[in-house]
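Let's take a walk through this one together. Have the sequence and the 3D view open side by side.

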Amino acid sequence: MSRTDDKDLKGNFKPQDAPHYDDVLQCMRCGFCLPTCPTYALTGRERSSPRGRVALARAVAEQKLEFTQAVKEESFFCLDCRACTTACPSGVRAGEVMEICRSQSHAFYPLGTAGKAFREFILQKMLPSPEKLETSMLPTRLYQRLGIQWLVRHSKVLKLGPGWMEKAEGMLPELDKPLRTQLPERIEAKGKKRGKVGFFLGCVMTLMYPGVSRQTVRVLVHQGFEVITPRNTKCCGAPHLSEGDRQTARELALFNLDLFLDQDVDYIVTDCAGCGASLKEYEELLEGQAEHAKLAKFRSKIRDITEFLAEVGLRTEGLKPVNKTVTYHEPCHLCHAQGVSAQPRKLLKQIPGVELREMAEASWCCGSAATWGLKYSEESQKVLDRKLGNVRATGAEALVTANPGCHLQLAWGVREAGMPQQVLHLMELLGEATPD
Amino acid sequence: MISTTAIEHLKEKLGAQNVLYEKEDLLVLGYDSTPGVHHLPEVVVYPTSTEQVLAAMEIAQREGLPIVPRGSGTGLSGGSVPVQGGMVICLTRMNRILEIDEENLTATVEAGVVTLDLFNAVAAKGLFYPPDPGSQKISTLGGNVMENAGGLRGLKYGVTRDYVMALKCVLPDGSILTTGGKSVKDVAGYNFKDLLCGSEGTLGIITEITVKLIPPPKDKRTFLAYFNDMRTAGEAVSKIIAAKIIPSTMEIMDKATINCVEDYVKIGLPRQMAALLLIEVDGHPAMVAEEAEAVEKILREVNAAEVHVAKTAEEAASLAAARRTALSALARVSPTTLLEDATVPRSRLADTFDEIERLTEKYQLKVGTFGHAGDGNLHPTVLCDERNADEMQRAHAFYNELYEKVLAWGGTVSGEHGIGLAKKEYLARQIGPGGVAVMKRIKQSFDPKGLLNPGKIFDEGDPCSKPHVEEGFRVSH
């Protein structure tokens, strides 16, 4: 068989949602990605490296390889932390190629009836519906309130179930009422008004960390912004992309796109790095499915909260001192996927009383990576241990981050390791400094 | 094909986790960083000790399998591509720094230690390991020795060979050769050490390396000079050398390279300039001051468009780091980057730039040129698309003609990347049939059966050396 000139060779991929051939051909195999990849660091196996994974995708496109079980495994073993994207001088996006391969996996290896039903129930019924998600968390809250959690944790009954269940249970923070239903849809700015922002409240934030997002909104208002939080916002689609369900992700994206553009806000802000990354990529995800001008307009408005505050400038007058030494863990979806790295540090340094102590490898993944930490719990522990070692070395009192996935994993890790650090979202710290 | 018995034996000797033979693993261990060359091995092993290397080699011998050693696969001449299949011995899991001897100023490491890790480990003890290949974050010491890698500091400090003091090496007949030691002077017998440096895995497999360390320079100054044309930049380099100043670094980038690197690093490199020189002088503070002044004077004399001095060490480091990404950054422009390693006497630099320009025009190509101008080592890189046969043909004609000039001027076909698969023809032209014949006889005395990294450096003229194609896979050349 001879080489083809086909610009978008699909080869052994299914035609729907296949990686662009040009994107895999772009890799010149220099290996700059190797030292940045957590899974390559774990295994030392070339196929578990970004360079190797792109080579596998290229081989599938060139029909040197079928979409084999191993290709599927690699696509899910990739943390999608995007550290390789940051490191790649040639501009290859190996994480995205693997994300696309995840959706290919479902086309090639359909789940059994029960697995399919469970997956569809979670991705297509639960996540798109904020109400259903909230109701489903009710038993969990009751479970915590009634002290059953204490009993369960101490009696070790979870040891009997699958491994991930115990970890998932252990990771749950103390749950409060979801924020979505409590937050007014519109809150007026305080002081001299600086603009109008739409707040994208993520699912994990409203359910697991309502207190954090409450602070985010308080800070925005105090900083002079009118905050609009559309109550019918749907999930950003990140979990769907992560699980390879690009179709549902597109439906959610189309809904959110119109919802937020209709609000006529200057910016769309989120305090969840995962949501931010996903929203910023609607442009690629919805390519050809929505008007380009609309997508570009939406994209231009999206900001992570730390990026936003650093950009518009923090009003520091009146801030109360927070006397703490802190170290900062960079969420992958903030620093690698969004390129937001200097801004959170800038904010931390502006909070009176806060002393920032840099940790080594601040932008190395914590091992959470959506459901990766549950699927590969042993590997995740190793990635986490490396992170905790770096945290420990700083001797800081608090560990600050800016993404709920990292937050859950780090809080759990710190507790399990018996470390003294308090784990905080950057907005909690800023909220503490913000007067009522 | 390798037998299942042999696989079992390998697993017994090396441990199952260190023996890979699934096709997905084979597929990703059949390339290095050289475009257009790819071939599958039959098995890949990751030894963790010299004894395991020996065991793997014995099994390969028994099975009649070609043996190809490999590190991180950052090579740029195809040196670690297993063109005849066989066994790839990947040394990345032998990555311990065994000793840093502060009394003798040496470090002893296993072959799979990453270059930058060694650099950092000795720096922590106030010592300096000068060789710094562009891929230092990824490349291994074993690979550096085998390819005799150069780098950004080559001008003043030389290449890897200049720092190797001792090697431990497994030979195909199962013997272990140790050569050299910690004695600074050693003239006992043939110099195997120098022979093995740059032997590209064709004579033996290096498992342990002792390198020389030096005290770090006390001071340094970094300049960035911009030029309106490449020729003037070349003249500046020649004049600095003629003024008897040896900077530690004198790196050049042309406009295409500047723009690609800037796209990636975004540190404000001048996109409109035709050329840029990154110059670093280091040493004793008094000498640095004197040399820096002289360099600045020459840059003004030749009419550099602008001259900047890095204000901080971080700024200097970020400039050097940016330069290291040049080749990969060029890959933004086109799917394929075909790079060469032409090296000329420094007085010929300006002529070489003219020649590159002329040939770019003649063959209607897109070329980005960067390199270690101070040591005459240039990397003209054709930015092409391997799917375009006509363009690839023109690219090869470009290099063919360029090398004719380079050799006529007394240059060499490789400054630091080795010959591998990519430059066999050019090497034969450079050293002549007599030279190739002697190399073959040396190869014979180390590896009579021709099992070690066959098909590299020179053609063996062996009918069996035809590439080996596995069912279900296409192989590109």
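Buried means under 20% relative accessible area, exposed means over 50%, and partly exposed is in between (1.4 Å probe, protein chains only). What you have is a predicted model, where local features need pLDDT of at least 70 and side-chain atom pairs count only at pLDDT 80 or more, while totals for chains, interfaces and linings use all residues. Residues are numbered from 1 along each chain as its sequence is written, chains are lettered from A and ligands numbered from 1 in the order in which they are written, and side-chain values use heavy atoms, with hydrogens and water left out.

Start with the salt bridges, each a side-chain nitrogen of Lys or Arg within 4 Å of a carboxyl oxygen of Asp or Glu. That rule gives 64 of them over all chains. In chain B, Lys424(B) pairs with Asp459(B) at 2.8 Å, N to O. This one links distant parts of the chain, 35 residues apart: Lys424(B) sits in helix α15 (residues 424–446) and Asp459(B) in the segment after α15. Lys424(B) counts as buried because its relative accessibility is 15%, whereas Asp459(B), at 49%, is partly exposed. (Helices are DSSP runs of H or I, at least four residues, and strands runs of E, at least two, numbered from the N terminus.)

Another chain B pair is Asp354(B) with Arg231(B), at 2.1 Å, N to O. Asp354(B) is in helix α13 (residues 349–362) and Arg231(B) in helix α8 (residues 230–242), so the bridge ties together parts that are 123 residues apart in sequence.

Now for a lysine in chain A, Lys301(A), which lies in helix α17 (residues 292–301). What does a buried lysine do with no salt bridge? The nearest side chain of opposite charge, Asp264(A), is 5.5 Å away from Lys301(A) (Lys and Arg count as positive, Asp and Glu as negative; His and the chain ends are not counted). The backbone oxygen of Val265(A), though, lies 2.5 Å from a polar atom of the Lys301(A) side chain.

Finish with helix α3 (residues 50–61) of chain A. Its twelve residues should span 16 Å at 1.5 Å a residue, and the end C-alpha atoms are 16 Å apart, which agrees; the expected span is 1.5 Å times one less than the number of residues. Twelve of the twelve residues in α3(A) are buried, including Arg51(A), Arg53(A) and Arg58(A). Just after α3(A), Gln63(A) takes a positive phi of about 60 degrees.

Technical notes
Polar contact = N/O pair within 3.5 Å; in protein donor to acceptor, adjacent residues only side chain to side chain.
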